[in-house]
Amino acid sequence: MGKVVILDHPLIKHKLTFIRDKNTGSKEFRELVKEVSMLMAYEVTRDLPLEDINIETPVAETKSQVIAGKKLGLVPILRAGLGMVDGMLNLLPAAKVGHVGLYRDPETFKPVEYYCKLPQDIEERELIVLDPMLATGGSAVAAIQFLKNKGATNIKLMNLIAASEGLEEVSKAHPDVDIYVAGVDERLNEDAYIIPGLGDAGDRLFGTK
């Protein structure tokens with residue numbers, strides 16, 4: 001069973017409060033999502049392997065460590081996942097970025113795929129799927145399955161806010177996938193929105209309704 005990691009660092013909690021606030025405008029919302037994603041990247045990449053190399057400081061030769069050539073891939077779920085990419089790339093500039101486009105059928109709440117473009121060497125990469133909200137879990141389950149169908153074997157999921165229903169759904173469908181979240185909320189309402197949540201992340205990122 002994949003683990004669920006709740007990232008409750010004070011800086012993340014502080015910024016998440018303003019992300020939730022309905023009075024936060026799109027510009028500030030985008031900046032906060034970027035900042036929280038960057039803070040979360042620190043924990044999501046904690047287990048990356050290291051290797052020793054020899055370098056020279058201005059004073060002496062020494063042995064030091066670098067990431068051991070691990071290939072990373074970021075896969076935002078369109079469109080809201082796009083808001084998390086820049087923050088991740090700030091720390092992981094060499095990561096390749098793929099995209100999976102899904103929308104939720106308003107009647108069945110089931111995910112429907114409309115776009116999928118991924119790095120060619122996806123099977124060699126550790127992939128981090130990005131989506132601000134994990135509500136029913138349907139979109140995340142579908143996106144992860146798309147990646148597996150393309151050959152991916154090493155996948156993590158990163159969300160700002162999750163409902164327990166979504167966490168259970170992803171863990172049941174993909175027990176090999178670790179989930180990293182900044183907050184776990186109470187429940188879903190009858191429209192499958194997270195309560196208290198933050199509203200529609202895509203609309204708030206891009207100023208749409």
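## A partly exposed aspartate and its partner

Asp-176 is partly exposed, with a relative accessible area of 46% (partly exposed lies between buried, under 20%, and exposed, over 50%, using a 1.4 Å probe and protein chains only). This is a predicted model, where local features need pLDDT of at least 70, side-chain atom pairs count only at pLDDT 80 or more, and totals for chains, interfaces and linings use all residues. Residues are numbered from 1 along each chain as its sequence is written, and side-chain values use heavy atoms, leaving out hydrogens and water.

Asp-176 forms a salt bridge with Lys-148, their closest N and O atoms being 2.8 Å apart (a side-chain nitrogen of Lys or Arg within 4 Å of a carboxyl oxygen of Asp or Glu). The pair links distant parts of the chain, 28 residues apart: Lys-148 sits in helix 4, and Asp-176 in the loop between helix 5 and strand 11 (DSSP runs numbered from the N terminus, helices being H or I of at least four residues and strands E of at least two). Lys-148 is also partly exposed, at 25%.

## Other salt bridges

The structure holds 12 salt bridges. In helix 5, Glu-169 and Lys-172 lie 3 residues apart, about one turn, and their closest N and O atoms are 3.9 Å apart. Because its relative accessibility is 62%, Lys-172 counts as exposed. Elsewhere, shared partners join Lys-71, Asp-121, Glu-124 and Arg-125 into one network.

## A buried proline

Pro-132 lies in the loop between strand 8 and strand 9. Pro-132 counts as buried because its relative accessibility is 2%.
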